[in-house]
Amino acid sequence: MSQPDSPVTREQAEDAVRTLLRWAGDDPTREGLLDTPKRVVKAYSDWFSGYSEDAEGFLRRTFEEVEGYDEMIILRDIAFESHCEHHMAPIIGRAHVGYLPTNKVVGISKLARVVEAFARRFQVQEKLTAQIAHCIDDVLKPRGVGVVIEAAHECMTTRGVHKRGVSMVTSQMLGSFRDDPSTRNEFLAFIDLRGRR
Ligand SMILES: Nc1nc2c(ncn2[C@@H]2O[C@H](COP(=O)(O)OP(=O)(O)OP(=O)(O)O)[C@@H](O)[C@H]2O)c(=O)[nH]1
Ligand SMILES: [Zn+2]
């Protein structure tokens with residue numbers, strides 16, 4: 001992931017927020033807005049904390065004592081918040097992640113941590129989906145990985161085309177999830193996209 005050449009200071013980021021406030025037609029020196037740049041930068045530090053997270057690192061601790069368990073493992077309904085890289089508007093959704101282990105499994109919370117690490121960046125949903133799947137595939141080297149994401153894009157609901165209730169669905173299947181229709185179908189049946197609404 002390429003980073004900007006020179007680091008931006010917190011003060012510069014706060015100035016940028018003041019500029020936007022002025023540009024929108026308000027007065028950043030009025031009482032209600034005085035602390036807003038500070039708050040916005042703090043909020044952004046949270047929303048974009050993924051840039052400083054090592055997604056692969058979360059998957060390095062694995063467990064082998066699982067009595068030979070070798071069936072599918074799924075973490076479904078992982079709620080996440082991200083931001084679209086086109087409008088910097090929220091993307092609110094759920095991710096479903098499954099894999100077929102080889103001889104080791106990972107702590108289940110780590111799958112959610114991987115989702116968070118990539119979601120807390122500027123994203124398009126396709127890239128987010130692929131990054132999660134490839135990260136799990138690269139580190140765990142399982143027999144297969146499936147990632148399905150359903151999300152609402154606020155750039156489509158609160159502005160632009162103004163379509164509420166629309167969700168975008170993306171999937172990235174790798175290994176046996178891609179090549180073996182029964183594995184793919186088992187995963188899709190477990191996550192039951194429409195049935196659990
Ligand atoms: N494929 C994809 N498109 C996205 C995602 N997030 C936002 N977009 C779309 O990115 C496109 C950007 O299109 P542009 O025409 O450059 O931007 P725009 O003029 O603001 O477009 P409108 O949203 O249609 O008003 C829009 O169609 C968005 O709906 C995403 O995660 N994946
Ligand atoms: Zn957008």
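## Around ligand 1

Cys-84, His-86, Val-124, Gln-125, Glu-126, His-153, Cys-155, Met-156, Gly-160 and Val-161 surround ligand 1, each with a C-beta atom, placed from the backbone, within 6 Å of the molecule. By type, that shell splits into five nonpolar, four polar and one charged, where Asp, Glu, Lys and Arg are charged, Ala, Val, Leu, Ile, Met, Phe, Trp, Tyr, Cys and Pro nonpolar, and the others, Gly among them, polar. At least two shell residues each come from α5 (125–140) and α6 (154–157); helices here are DSSP runs of H or I, at least four residues, and strands runs of E, at least two, numbered from the N terminus.

This is a predicted model, with pLDDT of at least 70 needed for local features and 80 or more for side-chain atom pairs, while totals for chains, interfaces and linings use all residues. Residues count from 1 along each chain as its sequence is written, with chains lettered from A and ligands numbered from 1 in the order written.

## The annotated site

An unreviewed UniProt entry lists Cys-84, His-87 and Cys-155 under "binding site"; such annotations may be inferred rather than shown by experiment. They're spread over 72 residues of sequence, yet the largest C-alpha distance is 7.9 Å.

Cys-84 sits in strand β2 (residues 73–84), and His-87 in the loop between β2 and β3 (90–100). Cys-84 counts as partly exposed because it has 19 other C-beta atoms within 10 Å; His-87 is also partly exposed, with 16. The cut-offs are 20 or more for buried and 12 or fewer for exposed, with partly exposed in between.
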